[in-house]
Amino acid sequence: MLSGLTPCPGLFYTTPAQDGTLSRLRIPGGILDSQQCRAIADIVDQYGGGYVDVTNRANIQIREIDGKLSTAVLKYLQDMGLGSRNTAVDHIRNIMTSPTAGIDPQEVIDTRPFVQSWNDYIEAHPALSGLSAKFSVCFDGGGIVRVSDRLNDIAFVAVLVDGKVYFRLHLSVGVKGKPPVATGILLSPEQCLPVLAALANVYLNHIDTNSRRKARLREVVNDLGCESYLQEVDKSLPFALFTTEDQVMEGQFSNLFVESSDNQYQHIGIHPQRQKGLFYIGVVLPLGRLESRQIMGLADLAQRYGSGTLRLTPWQNLLLTDIPQTRLADVQKEITFLGLDYSANNIKSGLVACSGSRGCAAAATDTKGHALALAKYLETRLTLDCPVNIHFSGCEKSCAQHSKSDITLLGVSNGKRSSYHIYIGNGDSNQKFGRELYQYVSFDELPALVEQMLKVYQIKRINVNESFGEFANQYALAQLKQFFSPNTAFHQERITASPLA
Ligand code: SF4
């Protein structure tokens, strides 16, 4: 086992953690079949903590492994399609796609074949083992559930142009922590794989592949300049990259710039598929965690009522797909019986936490324990009618969620006492977590404060489609503090402060 060669865990590159060895299964596109689920449940029962964590790249993490997995177990997982056939590329970031690929009623194209092709390409080209473990690729099919705003080095975003399918090429450029931006290049579906291979080769030509800390694609693009980087890519291709900007200026591509939705949790609950009479159910996983008995139960449900697959999402929950309308009630009942939920109103649907002090030496706080305690407190005091994304992070690294959230609770320690800084909404590009609203809030004070914040939001928002972040963005910090003050009797007086222009 190649332990310790990379800071990112994989199946063959395990990482020590506070609670034992951590192993990560790379699940391209997040799609698992029932047999694979059962294999995972067996492995975590025998060698891990009896549960898995779904990550923000739709990977699976096995924690609390005592020592390391034996060669026989690794081989078994490989044979089950749960580890790369080529161990040298197993550490490369999981390939992301919309969890509703192929079933989304509005998608432009099913992206699953692109995920499979790039995965096969990586495994067949050992030279790609020189890529940074963080080299990340995403395919967005242009449907209702979008992944183009997730953090990736490269994104292919499907659009319809005059009735034909293209992919817009997005690249990571500029400052850290931003989603990839459109390059103005439009590709036909057949061009995506050769362009992706060329993008990877140009990157490899400009980094020290033997370095322990390899440059990120963003850094190489920033150094070379986006145009020069793309010129090098262009030169290595048997076709010319098709730049769209001129045509856009002439109005030929009026339907090109489709914005993605702000609602990241719209896949939770019951939704019709593009296949008539079939539905998918978005299941809430509390903090991305699934116990082995729940994995077994869901695998069983998928086999009995659906097409035998589960789809993990980058929002750390999962979808059960291809359920006939007549069986929905049965599946709902059985999900509840497994101790899980499928309601977007569940406070846990938008609740995210890193492993925190129970699993990570860098954590200032017990993020997972605090997040569950907060959910328990809020569940009996208010009812959400849309998900609110609350992110607990044990330190600035922000492993569980790289994008901004409605409310971020950042664990901090002053040496004697641990507490949280609270951030809200978007803020500017220098504010990693949004605008800082409070500092050093102890966990004892936190539940009542978050309750007040959510209740004020429910009273003050324009309508149910306005997210907590959008609501908060409209007000100065002083106004928000006044709204959220325990002395503000939000249910007695209507708050009259006017939003900022
Ligand atoms: S965010 Fe920080 S505390 Fe949390 S798991 Fe990552 S490194 Fe550890």
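This briefing covers the ligand shell, a pocket and an annotated domain. The model is predicted: local features need pLDDT of at least 70, side-chain atom pairs count only at pLDDT 80 or more, and totals for chains, interfaces and linings use all residues. Residues are numbered from 1 along each chain as its sequence is written, and side-chain values use heavy atoms, with hydrogens and water left out.

**Ligand shell**
- Cys354, Ser355, Cys360, Ala362, Ala363, Ser393, Gly394, Cys395, Lys397, Ser398 and Cys399 surround the ligand (a heavy atom within 4 Å).
- This shell has six nonpolar, four polar and one charged residues (Ala, Val, Leu, Ile, Met, Phe, Trp, Tyr, Cys and Pro count as nonpolar; Asp, Glu, Lys and Arg as charged; the others, Gly among them, as polar).

**Second largest pocket**
- The volume of the second largest pocket is about 420 Å³ (space filled by probe spheres set on grid points joined across faces, edges and corners).
- A pocket is an open set of points on a 1 Å grid over the protein atoms alone, where a 1.4 Å probe fits, with protein on both sides within 12 Å along at least five of seven lines; lining residues have an atom within 4 Å of a point.
- Of the 21 lining residues, Pro28, Ile31, Gly81, Gln116 and Asn119 are the closest to the pocket's centre.
- Strand E3 (31-33) and helix H3 (112-124) each give two or more residues to this lining (DSSP runs numbered from the N terminus: helices H or I, at least four residues; strands E, at least two).
- H3 supplies the largest share, seven residues.
- The lining divides into seven nonpolar, nine polar and five charged residues.

**Annotated domain**
- UniProt (unreviewed entry) places "domain: Nitrite/sulphite reductase 4Fe-4S" at residues 90-238 and 351-458; such annotations may be inferred rather than shown by experiment, and positions use the numbering here, with feature names shortened.
- Residues 90-238 are 30% helix and 19% strand, with end C-alpha atoms 29 Å apart.
- Residues 351-458 are 24% helix and 26% strand, with end C-alpha atoms 18 Å apart.
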